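Visitor: I have a few minutes before my next run. Can you walk me through this one?
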Amino acid sequence: MQRRAELLSNTFNSMVNTKCTKIEGAMYAFPEVIFSAKALKKAEKEQVPADFMYCMDMVEQTGIMTVPGSGFGQRDGSYHYRMTNLVTPTENLEETLKALRTFNEEFHNRYV
């Protein structure tokens with residue numbers, strides 16, 4: 001679990017517009033996503049929180065299921081999602097995180 005937690009933390013903190021506090025071996029990570037004004041405007045137009053839009057795009061494009069932080073009562077102006085580190089074996093988690101990294105980069109490039 002600790003190795004997977006470190007893998008998640010390191011991956012999130014190396015991704016564009018994403019940051020995450022160090023995960024202390026828990027099952028979940030709550031990375032923060034920083035959205036551009038263009039992405040926030042698109043979410044507003046769709047009448048959904050930006051993190052919800054991000055998570056829906058993620059599952060549609062990668063099959064990776066996460067939970068938007070807006071469902072947890074996050075503070076206004078911040079955007080998160082919850083992801084588990086229970087993907088096994090660890091090699092499968094590594095592949096999942098590669099797909100996540102690609103998705104994240106493409107998402108943010110659309111809203112520059």
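This is a predicted model: local features need pLDDT of at least 70, side-chain atom pairs count only at pLDDT 80 or more; totals for chains, interfaces and linings use all residues.

Visitor: Is Leu 7 buried, exposed or partly exposed?
Guide: Partly exposed, because its relative accessibility is 23% and the cut-off for buried is under 20%.

Visitor: What does Leu 7 touch, leaving aside neighbours within four places in sequence?
Guide: Thr 90, Leu 93, Glu 94 and Leu 97.

Visitor: How far apart are Leu 7 and Leu 93 in sequence and in space?
Guide: They are 86 residues apart in sequence. In space, the C-alpha to C-alpha distance is 8.7 Å.

Visitor: Which residues of α1 are buried?
Guide: Arg 4, Ala 5, Leu 8, Ser 9, Thr 11 and Phe 12. Looking down the axis of α1, these buried residues fall within an arc of 170°, so they line one face of the helix.

Visitor: And which residues are exposed on the other side of α1?
Guide: Arg 3 and Asn 10.

Visitor: What covers the buried residues of α1?
Guide: The cover includes three strands: β1 (18–19), β2 (28–29) and β5 (81–84). It also includes helix α4 (90–110).

Visitor: Pick one of the buried ones. What about Thr 11?
Guide: Thr 11 is in helix α1. Its relative accessible area is 7%, so Thr 11 counts as buried. Not counting residues up to four places away in sequence, Thr 11 touches Leu 97 and Arg 101. Leu 97 is also among the contacts of Leu 7.

Visitor: Now strand β1. Where does Thr 18 stand, buried or exposed?
Guide: Thr 18 lies in strand β1. Thr 18 is buried, because its relative accessibility is 7%.

Visitor: What is Thr 18 in contact with, beyond its neighbours within four places in sequence?
Guide: Phe 12 and Asn 13 on one hand, and Pro 31, Glu 32 and Asn 104 on the other. Phe 12 is one of the buried residues of α1.

Visitor: How accessible is Asn 17?
Guide: Asn 17 is partly exposed, at a relative accessible area of 34%.

Visitor: Where is Gln 47, and what is its phi?
Guide: Gln 47 is in the loop between α2 (37–46) and α3 (50–62). Its phi is positive, about 60°, although Gln 47 is not a glycine. Gln 47 counts as exposed, because its relative accessibility is 72%.

Visitor: Last one: the surface. Which residues make the nonpolar patch?
Guide: Met 1, Met 27, Tyr 28, Phe 30, Val 67, Phe 72 and Leu 86. The patch is about 600 Å².

Visitor: Where does Val 67 lie, and how accessible is it?
Guide: Val 67 lies in strand β4 (residues 67–68). Val 67 counts as partly exposed, because its relative accessibility is 31%. Patch residues need over 30%.

Terms used. Residues are numbered from 1 along each chain as its sequence is written. Side-chain values use heavy atoms; hydrogens and water are left out. Buried means under 20% relative accessible area, exposed over 50%, partly exposed in between (1.4 Å probe, protein chains only). Helices (H or I, at least four residues) and strands (E, at least two) are DSSP runs, numbered from the N terminus. The arc is that of the directions from the helix axis to the C-beta atoms. Contact means heavy atoms within 4.5 Å. Patches are made of residues with over 30% relative accessible area and no salt bridge: like charges are joined within 9 Å, nonpolar side chains (Val, Leu, Ile, Met, Phe, Trp, Tyr) within 5 Å. Accessible areas come from the Shrake-Rupley method with a 1.4 Å probe; for residues, only the protein chains shown count as cover. A salt bridge is a side-chain nitrogen of Lys or Arg within 4 Å of a carboxyl oxygen of Asp or Glu.
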